[in-house]
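Trainee: I would like to learn how to read a model of this kind, starting from the overall fold and then turning to single elements. Could you take me through it step by step?

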Amino acid sequence: MTSRLASISIDATNPRVVADFWCAVLGWHVIEEDDDGIGIGPSDGAWPAIEVFAVPEVKSVKNRLHFDLRADGVSTALELERLLALGARRTDVGQGPDVSWVVLADPEGNEFCLLSRTVQDLKNQG
């Protein structure tokens, strides 16, 4: 027997803003909502989902776990523009000038990376 990753949790002072951001980034939708938080996921019901929970404190240190994204169907440059337009911002976590990815943060400062190679680059490599 094994376990299956069911959900990734994000703490937020404003769960609606964070959930809406990730829905727009991933093309997902809200799958459940209550007073404690908002669950989002893909329309096909695939796992894992993301749960955004309300907390009183703001983020204060670098995340120890983060998402890595790849552009899918567009260039990495175009995807970076789209993410910035959705409210992401560039951030420095000490990555140095020569890395091949871009470090970004969601509206509440949770870091994530946009990797340099697209989904299509990986498929064509194979």
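Predicted model: local features only at pLDDT ≥ 70, side-chain atom pairs only at ≥ 80, totals over all residues.

Trainee: How many helices and strands does the protein chain have, and in what order do the elements run?

Mentor: The secondary structure of the protein chain comes to three helices and eight strands, and from the N terminus on these elements follow the order β-α-β-β-β-β-α-β-β-β-α. The radius of gyration of the protein chain is 15 Å, close to the 14 Å that the globule rule gives for 126 residues, so the chain is as compact as a globular protein of that length. Along its principal axes, the C-alpha trace spans about 45 × 35 × 35 Å.

Trainee: What share of the residues is buried, and what share of the contacts joins residues at least 24 apart?

Mentor: A residue is called buried when its relative accessible area is under 20%, and buried residues make up 34% of the 126 in the protein chain. Among contacts between residues at least 6 apart in sequence, 54% join residues at least 24 apart. As for the surface, the chain exposes about 8000 Å², of which carbon and sulfur atoms supply 52%.

Trainee: Which residues of helix α2 are buried, and why do they line one face of the helix?

Mentor: In α2, which covers residues 76-86, the buried residues are Thr 76, Glu 79, Leu 80 and Leu 83. Seen down the axis of α2, these buried residues fall within an arc of 105°, so they line one face of the helix. The face turned away from that buried side carries Ala 77, Glu 81 and Ala 85, which are exposed.

Trainee: What covers the buried residues of α2, and what comes just after the helix?

Mentor: The cover includes the helix α1 (15-26) together with the strands β5 (67-69), β6 (89-90), β7 (102-105) and β8 (111-114). Just after α2, Gly 87 takes a positive phi of about 120°.

Trainee: Turning to a loop, where does Asp 35 sit, and is this residue buried or exposed?

Mentor: Asp 35 lies in the loop between β2 (29-33) and β3 (37-41). Exposed means over 50% relative accessible area, and Asp 35 counts as exposed because its relative accessibility is 81%. The C-alpha atoms of Asp 35 and Phe 53 are separated by 9.1 Å, while the two residues are 18 residues apart along the chain.

Technical notes
Residues numbered from 1 in each chain as written. Heavy atoms only, no water. Buried < 20%, exposed > 50% of the residue type's maximum accessible area, 1.4 Å probe, protein only. Helix = DSSP H or I, 4+ residues; strand = E, 2+ residues; numbered from the N terminus. Arc of directions from axis to C-beta. Contact = heavy atoms within 4.5 Å. Rg over C-alpha atoms; globule rule 2.2 N^0.38 Å. Areas by Shrake-Rupley, 256 points an atom, 1.4 Å probe, with all protein chains shown as cover.
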